[in-house]
Amino acid sequence: MSQRMPLLIFTAIMAAIPFIPGVPPFWIVLLDNIGLAALVAMGLVLLTGVGGLTSFGQAAFCGFGAYTTAVLTTAYGVSPWLTLPLSLLVSGIAAVLLGIVTVRLSGHYLPLGTIAWGIGLFYLFSKLEFLGRNDGISGIPPLSIGGLRMLDPGTIYYVIWIAVLISALLTMNLLDSRTGRAIRALRRGHVAGEAFGVQTPRAKLLVFIYAAVLAGLSGWLYAHFQRAANPTPFGAQAGIEYLFIAVVGGAGYVWGAVLGAGIVVILKEVLQSYLPYIFGGQSQLETIVFGILLVVLLQLAPTGVWPWLMSRLPFKPARKIPDTSLELPARERATSTTSVLLHVEKARKQFGGVIAVNDVSFDVQAREIVALIGPNGAGKSTTFNLITGVLTSTSGAISVLGNKVDNAPPQEVVKLGVSRTFQHVKLVPDMTVLENVAIGAHLRGHAGAISSMFRLDRADEARLLAEAARQIERVGLGEQIDQLAGSLSLGQQRIVEIARALCVDPLLLLLDEPAAGLRHMEKQRLAALLRQLRDSGMSVLLVEHDMGFVMDLADRIVVLDFGTKIAEGTPGAIKTNPDVIKAYLGATA
Amino acid sequence: MNTTIMLFLLQDGITNGAIYALLGLALVLVFAVTRVILIPQGEFVTYGALSYAMLATGQVPGTARLAVAMGVVAFGLDLYAARRALRLKPVSRSAALNIVLPAAILALTYALAGPKTPIAVNIVLSLLIVAVIGLFLYRIAFQPLAHTSVLVLLIASVGCHLALQGLGLVFFGAEGLRGPALSNAAVTLGPLRFTGQSLAVYGLTIAFIVGLWLFFGFTLMGKALRATAVNRLGARLVGIRTTLSGQIAFLLASVIGAISGILIVPITTLYYDTGFLIGLKGFIAAIIGGLVSYPLTAVAALVVGCVEAFSSFYASNFKEVIVFTLIIPVLLLRSLAAPAVEEEKD
């Protein structure tokens, strides 16, 4: 198990450090602080680096953890170990409340919101009577096991670092799972994930809570390490510092959090002890250096130190090759009341005054390849978005197998066996082809976040990856299975999207310009694949501009122009249809 | 509560609100043009206010030296960016802007600073100093990042805030400062007394709102600035100098920040870190305005000011808590009103 080796070595080194003769006790205190900061930063890695949700307010969650145990142990005499689950619970509940409000916010509103409640909560901590106002709460009992009271930094060191190691392990397990892939897809927007059944708001809330619970754990440890809690370490400044740590270490990497915490805590210590000698007497000078460093770092190395370090190591981690012999059970079929697979009846979409799709009606039968063609701006992709629930139609009815899906969310449409690709490729570039394709099988797996963290999902996971590998093989990208999706050519990325759509085990495949960017031979291979899919019982609805490709492949063609259906029929009939020729070539043709 | 108290609180709220409105406007301006969420806006306020207060005591504020130092860095960056094609004209233009201008301002400050310098001169000096700091801040910190995402810009913005606030402590010390009033005139209207100071606050706020609205809605330059925000590449293709747009936005923001600072420093004592909180309250207003609407931002700022005034009367302990949690329902409404749209990132 070469994956575990570095971790075991790191654990051994950390365990040995306190026993090295001559290690100053002060170093142990620093290491304690690094561990505490690393816990919070690890949550931020998941939240910001992986999930794309920037939070400046994590320090407030440390506050919830710290104050919970502080109040319960001092005022009510509860044992510190009993307050641990309560501290985590309080941080988690606070995260649920704040998360419900904030994670739905797009882009820059979220970080601004976190700054605001970060400050608000800081003032709340410093004004509430039962939290001791600005003075905080002191005299918090130390942690103890049996007769061992963890009074000095050297003993609580082990508790802190065991917490760090366990959290790192659980976080890495989570990221390498069905739920983890859904989280990693968040940063690239919600449309792609939702098209395969990912409940993005729930996934966002999950990482938000996860990050808050890690911060709460850090706060609980902090309270018993300092044996006091006051508002200062839970303010906006601290929140900014945690984000700084994550960015320095490498916001997308679990170990980047530990590395970043090490760099920042030590740097801060050095700056605090030497800067006053240079500038004379002033305090808080380290923030100047911090601020400047943060800006320089973003300009020179925006991905942080950890990936930079890893790319310089001589060995590369071995990739796992999935065992393709495992069978994934077929998708649960929806009950069908009709032989028509897709029925579109007077579908209409208006954007303000623009009618993008104007009362379009057509059907797709089982085992049929239907092409949707038309000049640019004819409303083809909008029609796709109406069918898959990305957009809600203004009026009209769309049904799949007799089930009405107009205005159903994308997650419901995919459950009926409708899967799609996108005109603008929506893959996660820093995930491998295998991981990207496995997102397609999201609804066919069942393991949740908790079972993933404790590796109880391995059987489920192996079946999902096996299915993904089979579909990659099927579309002819077996050679590229381990490569990062972003490193493939655009044409190949489109094929990866088809493999991902096939993982749904679909009845109807919606392909948005699948042949764009493909070479002649690749197009022929794609056409052969689509025919083979049809012959095995699948239907395909495709938007395509390559007329040669469409005319050879499609059983039936629907032509749109300016949002209106102008013709429908076999390729032969469409080629000679005067309206179609007029739309494509102009009036005089 | 009687009417008089209510009127006093309202007056207080509106005066503060007007300041928040000015800052909110500057934030909207910078965001609309550069996509930078300008956390250091608060530092422009303190730099303006405390430079003015120090000049009033006859001292030369450290900010004037900072401007020179930042100019040198900016000049270095310009030289580095043009290292493959160093031509005399752009280099000398850069030297004039980055070296000569701040040096001239520093020299002027040394020449004019004294206990008897007229208030108007001090105001002009502090505005000049903060204006060039704003200009150089864009050149140094944000211009190299102009193509990156809003989030990267935001983190950089926080970095600038930390550095500038720390420098503020070095320049002005931990003690608060107060500046002389701009005018001692006062008008009494019923139970209320309007000082010349607060009338100046109202007047300038209204002038800026109208001015910005006219500038962005009706001038070619204003429209060019807005185009830069929507699509940098597109703006460049039609001949808009996107760098210039960013510089103008930062210049305006720093001047507005410094003016707000000079307006409030005679009313309340300002500390080196006060600006952050004041700026954040401007933010709340800007967020209510969706970071795009000037009039809505101004109205929201007045609401924030009044909420602050009333909560400081009824629950003074929880004043800040109330003001900052005000943002939560606002964000909730925003998210319900405008469901998250797909963003193409990276």
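In chain A, four strands make up an open sheet, arranged in the order β6-β5-β8-β9 with antiparallel pairing; here strands are DSSP runs of E of at least two residues, helices are runs of H or I of at least four, and both are numbered from the N terminus, while two strands pair if DSSP finds at least two bridges between them. The model is a predicted one, in which local features need pLDDT of at least 70, side-chain atom pairs count only at pLDDT 80 or more, and totals for chains, interfaces and linings use all residues. Residues are numbered from 1 along each chain as its sequence is written, and chains are lettered from A and ligands numbered from 1 in the order in which they are written.

The edges of this sheet are held by β6 (354-365) and β9 (403-404) of chain A, each with a single partner strand, so one side of each has no neighbour in the sheet. Strand β5 (residues 340-351) of chain A runs antiparallel to β6(A), and 8 bridges join the two. As one example, Q350(A) has I355(A) in β6(A) as its bridge partner. Lying across β5, β6 and β8 (395-400) of chain A is helix α14 (residues 380-387) of chain A, which runs at about 115° to β5(A). Such angles run from 0 to 180 degrees between N-to-C directions, with axes fitted as lines to C-alpha atoms, for helices over the stretch in contact.

A second open sheet of chain A has 6 strands in the order β10-β11-β12-β7-β13-β14, and its pairing is mixed. Its edge strands are β10 (418-420) and β14 (564-569) of chain A; each has a single partner strand, so one side of each is left without a neighbour in the sheet. On average, neighbouring strands of this sheet are turned by 20° against each other, direction ignored. Within the sheet, β11 (residues 508-512) and β12 (residues 539-543) of chain A run parallel and are joined by 5 bridges, with L509(A) opposite V540(A) in β12(A). Helix α23 (residues 578-585) of chain A lies across β13 (556-561) and β14 of chain A, at about 130° to β14(A).

The domain assignment of chain A gives domain 1 (29-235) and domain 2 (430-505), with bounds that come from an automatic or database assignment. The C-alpha centres of these two domains of chain A are 32 Å apart. Contact between them involves 16 residues of domain 1 of chain A and 18 residues of domain 2 of chain A, where two residues are in contact if their C-beta atoms, placed from the backbone, lie within 7 Å. On the domain 1 side, α6 (153-175) and α7 (178-186) of chain A each supply at least two residues, and α7(A) gives the most, with 7 residues.

Turning to chain B, the axes of helix α7 (residues 196-218) and helix α12 (residues 294-314) of chain B come within 10 Å and cross at roughly 160°. That makes α7(B) roughly antiparallel to α12(B), a term for angles over 145 degrees. Where the helices meet, I209(B), L212(B) and W213(B) in α7(B) are in contact with Y294(B), P295(B) and A298(B) in α12(B).

Finally, the two chains also touch: 42 residues of chain B are in contact with 40 residues of chain A. On the chain B side, α6 (150-172), α11 (274-288), α13 (319-325) and α14 (327-337) of chain B are the elements that give two or more residues. Of these, α6(B) gives the most, with 17 residues.

Definitions and conventions:
Parallel < 35°, antiparallel > 145°, perpendicular 65-115°, else oblique.
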